[in-house]
Amino acid sequence: MPRLIFKFIFLALLWSFPMLQITIADNTADEECTNPEADIPHSVLESEDEDPKCPSRPHIIRCAAQHLDLNKNNKLDRSELECAIDGLNWLARGVLKVIGSVDSIMKKCDYDDDGAISIDHDMEHTRDTCLATCFKRRAFKSAFFPDCDL
């Protein structure tokens with residue numbers, strides 16, 4: 001019962017404060033811009049009309065590649081995901097509990113179980129399990145890259 005109340009409170013917070021800006025430090029401000037889509041297959045990044053209340057999966061994938069893939073290898077390694085989550089404040093970490101722990105995210109998104117979520121391979125094969133709902137995509141975006149417009 002307490003777990004249900006906890007989830008309800010975070011769901012209410014997320015929907016009550018849609019403009020809540022939760023950011024993490026971005027150390028790439030001084031770096032030259034690169035094309036994050038250069039090596040990512042078109043099928044993963046298909047354009048969809050963006051609804052601000054429900055970001056598309058391709059949009060989230062592009063933003064994750066740009067903001068969370070620190071070594072730019074087109075994979076989100078477990079350590080990169082842990083680092084990103086550790087950089088969030090307590091409220092954002094609580095909201096992300098709805099998505100799941102790092103282990104849960106890796107289980108749902110790392111199709112080939114190699115310890116990294118590859119943008120081109122894993123994301124193509126995990127459409128039904130990884131960031132499959134509007135709510136999870138919105139929570140992920142608001143936590144890690146609220147201003148991403150890729």
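**View 1. Helix H7 is mostly covered, with nine of its 11 residues buried.** In this predicted model, the buried residues of H7 include Phe135, Arg137, Arg138 and Phe140. Look for Phe140 here: leaving out residues up to four places away in sequence, Phe140 touches Ile60, Leu68, Leu96, Ile99, Leu131 and Phe145.

**View 2. The largest nonpolar core holds 30 residues.** Leu68, Leu81, Leu96, Ile117, Phe140, Phe144 and Phe145 touch the most other members. Helices H2, H3, H4, H5 and H7 each supply at least two residues of this core, and H2 gives the most, with five. In soluble globular proteins, nonpolar side chains tend to be buried together.

**View 3. Cys54 and Cys134 form a disulfide, with their sulfur atoms 2.3 Å apart.** Cys54 sits in the loop between H1 and H2 and Cys134 in H7, so the pair ties together parts that are 80 residues apart in sequence. Cys54 is partly exposed, at 22% relative accessibility, and Cys134 is partly exposed at 25%.

**View 4. Cys63 and Cys148 are joined by a left-handed disulfide, with -95° about the S-S bond.** This pair links Cys63 in helix H2 to Cys148 in the segment after H7, 85 residues apart. Both cysteines are buried.

**View 5. Cys109 and Cys130 form a disulfide, with their sulfur atoms 1.9 Å apart.** The torsion about their S-S bond is about 90°, so this disulfide is right-handed. Cys109 is buried at 5% relative accessible area, and Cys130 is buried at 1%.

**View 6. Asp110 is buried yet has no salt bridge.** Arg78, the nearest side chain of opposite charge, is 6.9 Å away. Asp110 lies in the loop between helix H5 and strand E2.

How values were computed: Residues numbered from 1 in each chain as written. Predicted model: local features only at pLDDT ≥ 70, side-chain atom pairs only at ≥ 80, totals over all residues. Heavy atoms only, no water. Helix = DSSP H or I, 4+ residues; strand = E, 2+ residues; numbered from the N terminus. Buried < 20%, exposed > 50% of the residue type's maximum accessible area, 1.4 Å probe, protein only. Lys, Arg positive; Asp, Glu negative; His and termini not counted. Salt bridge = Lys/Arg side-chain N within 4 Å of Asp/Glu carboxyl O. Core = buried A, V, L, I, M, F, W, Y, C linked by side-chain atoms within 4.5 Å. Contact = heavy atoms within 4.5 Å. Disulfide = S-S within 2.5 Å.
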